[in-house]
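Here is a short briefing to read alongside the model.

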Amino acid sequence: MPVYYLEFIVVALGLVMLMVDAFAKLEDKRSLARLGILGLGIVFLLLFTVEKPAATEGVLWKFYAAPDSLSLFFKGLAVLCTLLVLVMAVEYTPVVVEQTANPEPGAHSQAGLGEFFALPVFACAGLMWMASANHLVSIFVSLETVSITFYILVAYLRRNVGSLEAGVKYLILGALSTGFLVYGFAWLFGVTGSMELPAISEALAREGINATAALFAFALILIALGFKLGAAPFHLWIPDVYQGAPTPITAFLSVGSKAAGAVVALRLISPFLASSPLVGKVTAILVVLAILTLLVGNLAALPQRNIKRLLAYSSVGHSGFLLMAMASAPRESLANAMTPATVVAFYLGAYLLMTLLAFLVLSSLRAVTPGEDLDAYRGLSKRSPFLAFALVVSMASLAGIPLTAGFFGKLFAFKMAIDAGQWGLLVAGLIAAGAGFYYYLKIAVSMYFSAPAKGEETAIRVNPLTAAAMVVLMILIVAAGFAPGLIVRLLS
Amino acid sequence: MSTLELLVFLPLLAALAVGLGAPARFTALGASVLVLLISFYCALNFSTVLEGNGSWQFASSRTLLEMPGFPKLSLAFGLDGISLVLVLLSALVLVAAVWVAPVESAIKGSSRLYYVSLLLIGGGALGAFTATDLFFLYAFHELALIPTFLMIGIFGHGEQRVRTAWTITIFLGVGSLILLVGLILAVGALDSTSFDVATLTALAKSTPIAANLQGWIFLLLFIGFGILVSLFPFHSWAAPAYAEAPTPVAMLHAGVLKKFGLYGLIRLALPLAPAGAEKWLHLVLILLLGNILYIGLVTIAQKKLDRMLGYSSVMHMGYAFLGIAAGNVVGVSGAVLLMFAHGLSIALLFGLAGWMRDRFGGLEFDKLGGIAKSLPKLGLLFGFAAFASVGLPGFANFAAEVEVFFGAFAGEDAGMSWIRWATVGALWGVVISAVYMLRAYRTIFMGPKPEKLETPSDLDWGARVPLLILLVALLAVGFAPDLLNQFIRPAVNGLFLVTAQ
């Protein structure tokens, strides 16, 4: 089937979920989420049946790139991520219900729940479109589709001050970054005379381009993308928003929003890197941004006590590794070299597996323990060996311990930096990885080495759907850690 | 599935099975006995003719990653004489460790986690010694290390156990990171298209790395591997960790896992950076004398049996470094044989010490005494183990140490070179180990018995069998070193044929 059908199907799925919510008078609205999970599962399978058309003429293809393995990979990431976010949302339902309940007598006990399940599906359609966006306008529209759903979802817990605060912060800074993006697009259009990426690429590669104006456009766009990716110094919103947002949405932000930023960055930055008048300065800017992000993210994570804040800084740190790969793009297009696109895609694939596993554990725990402090994880191995083990696997992979997917993500990034001779990046990366070992390990230690807090010794039950998702993620993490070729093959 | 894949994945799958609910002790013991049988099968069907870093036997390989610009990665296993000996060592110690595991009588409720960890350590060690792909060689070692950290932190003895667990984690984590940097640098410098150890060795021979860079690579590998082997002055994690680890973990770590560093020096550092090894010879000699003489004296000063054993194991690593520093066939073969002998003897000693700690409630020298009279079997077995550790003729340790000293003193020129001076210094280590071992034996087993000391019943068969297995292997190799030397010599020969040209 043609690739763009998939986005239509996903949007239709979201609409169906809204309609069912409005008209079907469901007793338990969690069935909506299950419907969404089922639908997204089918879309995921349909991804493997996509045709790759030879001729791509017509208006549509101006806005929408022909399907290559990279865009299909990112579409797959988006679908998988949304699916797992819905699994988490089912687990997280009690918290949402408590924070959004309608106090009027006679109101549905789960009055505000339907949109909580439907909105991520719309965001998913935006993410999928973005993976194929080929035109500045379609990049902008798809990015905004995603951002606007996120503004709502972050502030969803309307009786929770933290969530509202996070929503306002995210909205203001998000709007600001959108401004930068549009302004950057305008300059880019002015410099190159085109809104289509292939034409922009050609124009930038020409000698005699107005380098100052092009660099200005690049800087503006990079600021906006830095915001989406969570690159320092544009990361300031991340800890607060991650902490305040409902846990499944934090996971969605952390993986989906980052993947979106990364895929747009890959598409927008590569024309600049391919342009001989600009490549030197663009690389220098990216290297500085990568070093800053690596160090700020990982060093700031060290003293964190709240697990969502810790994961927020760690997510900044992982953006550093993504930027490290982007900044180390080989100067000449060698046939025998790793491309930033492959490395970034692999890294994001691994990052999706391990981050969502961690957040699945977090939301299962949040349903039974109120705290998100590290102390809430003390002695978890005694309360639920399964959850503790799942979190250890995820932490090991995030730290980059061999035989997990995360190790290869980091190794590829390091290899690219070495091949490009970026020693500064390499040293920053080593410091970042070393710091990562410490703070990820800290969580494992408090789960295994300390006894549970008084009065919290009860065993924790995990719901079967969540447990199944966790097992699948753990198997994938270890399988990709043994045989990274499994993921790399999808990309070639 | 090839023989070696079976050998490595059997303990790992058994660990998974125990984790999922299989009967813990039965599965663990069954898997480790099977591992021992497979390793015997490999030894019996091993051809001693093939030579060289790359003439693997029982070889198998599955390509896991092919990507432009990145070396090919495969799940590849193979044996040569050196790794065969280490596989035998791992299998013997794994069986013994799993068998004596109930000696930690405090660990009842969590026995599942306990046995899973032992199996992971065993499987990781076997994987590290049989992998012929650089990545898996490194990764399996990490896999074995992680459960040791957990075991010490969760089930360790003493108040300090969490602190000790952090210490060993940081030391070995930093060591592994330094090692990783050295390995990546070596692969990059060789411009290899594969992580295969044989390919890397062949490349290092045909197009050697620039001498200056070799120096850096060797230094990184030496320090990285050195930290894992408790090289002086990076040894301070070892004795507390062994003293506080649960008995089988101490047996596996001191007996088997620690040998990975020496194995890596022989398998990777010498062939990949021979010029670097020559350049840093003096540093190596000074540090190994630190291991033998300084740590030897520290060992004498210990007041607790488990700490003393921990330091003695640090000390004996000095001899292995000496054999490797000799850089000739006799010396390196001696080092390999010593890895085997020391692994068995230290595992035996830690096994006995663990049993005693469990029965007597403590291992302080001044609270023990005159035990041999009431517990003759324990006394006899400990005596044998102590003699083996000191290096008395008839035990494998003797054969190994003699080879190491001969190798280190070898050479055609008549004068005293650095390494000969170092050898003369190292010989004093034999006296030092006799002093602390015999003193420990006298205070614990001879002399008057403290009044407060209660005497438990003697070693039962459950503890005797596994420890006897280790002792019999020590004696067999001691009387007939050729049992193993027939495997080691051709492999080491091949190593030098490859590197010397």
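Chain A has 20 helices and zero strands, where helices (H or I, at least four residues) and strands (E, at least two) are DSSP runs numbered from the N terminus. This is a predicted model, in which local features need pLDDT of at least 70 and side-chain atom pairs count only at pLDDT 80 or more, while totals for chains, interfaces and linings use all residues. Residues are numbered from 1 along each chain as its sequence is written, and chains are lettered from A and ligands numbered from 1 in the order in which they are written.

**Chain A overall**
- The radius of gyration of chain A is 22 Å, close to the 23 Å that the globule rule gives for 492 residues, so chain A is as compact as a globular protein of that length. This radius is taken over C-alpha atoms, and the globule rule is 2.2 Å times the number of residues to the power 0.38.
- The C-alpha trace of chain A spans about 70 × 50 × 40 Å along its principal axes.
- Of the 492 residues in chain A, 58% are buried, that is, they have 20 or more other C-beta atoms within 10 Å of their own, with C-beta atoms placed from the backbone.
- For contacts in chain A between residues at least 6 apart in sequence, 80% join residues at least 24 apart; two residues are in contact if their C-beta atoms, placed from the backbone, lie within 7 Å.

**Chain B overall**
- Chain B comes to 21 helices and two strands.
- A compact globule of 501 residues would have a radius of gyration near 23 Å, and the 21 Å of chain B agrees with that.
- Taken along the principal axes, the C-alpha atoms of chain B fill a box of roughly 70 × 60 × 40 Å.
- Buried residues account for 61% of the 501 residues of chain B.

**Where the chains meet**
- The contact between the chains involves 20 residues of chain B and 22 residues of chain A.
- On the side of chain B that touches chain A, strand 1 (57–67), strand 2 (70–79), helix 5 (134–155) and helix 6 (161–190) each supply at least two residues.
- Helix 5 of chain B gives the largest share of that side, seven residues.
- That side of chain B has 13 nonpolar, five polar and two charged residues; Ala, Val, Leu, Ile, Met, Phe, Trp, Tyr, Cys and Pro count as nonpolar, Asp, Glu, Lys and Arg as charged, and the others, Gly among them, as polar.

**Helix pairs**
- In chain A, helix 14 (residues 340–366) and helix 19 (residues 464–482) pack at about 150 degrees with their axes 9 Å apart. Axes are lines fitted to C-alpha atoms, for helices over the stretch in contact, and angles run from 0 to 180 degrees between N-to-C directions.
- That angle makes helix 14 of chain A roughly antiparallel (over 145 degrees) to helix 19 of chain A.
- The contact of helix 14 with helix 19 of chain A has 13 nonpolar, two polar and no charged residues.
- In chain B, helix 1 (residues 3–20) and helix 2 (residues 24–44) pack at about 175 degrees, their axes 9 Å apart, and are therefore roughly antiparallel to each other.
- The contact of helix 1 with helix 2 of chain B has 14 nonpolar, four polar and no charged residues.

Technical notes
Parallel < 35°, antiparallel > 145°, perpendicular 65-115°, else oblique. Buried ≥ 20, exposed ≤ 12 C-beta atoms within 10 Å, placed from the backbone.
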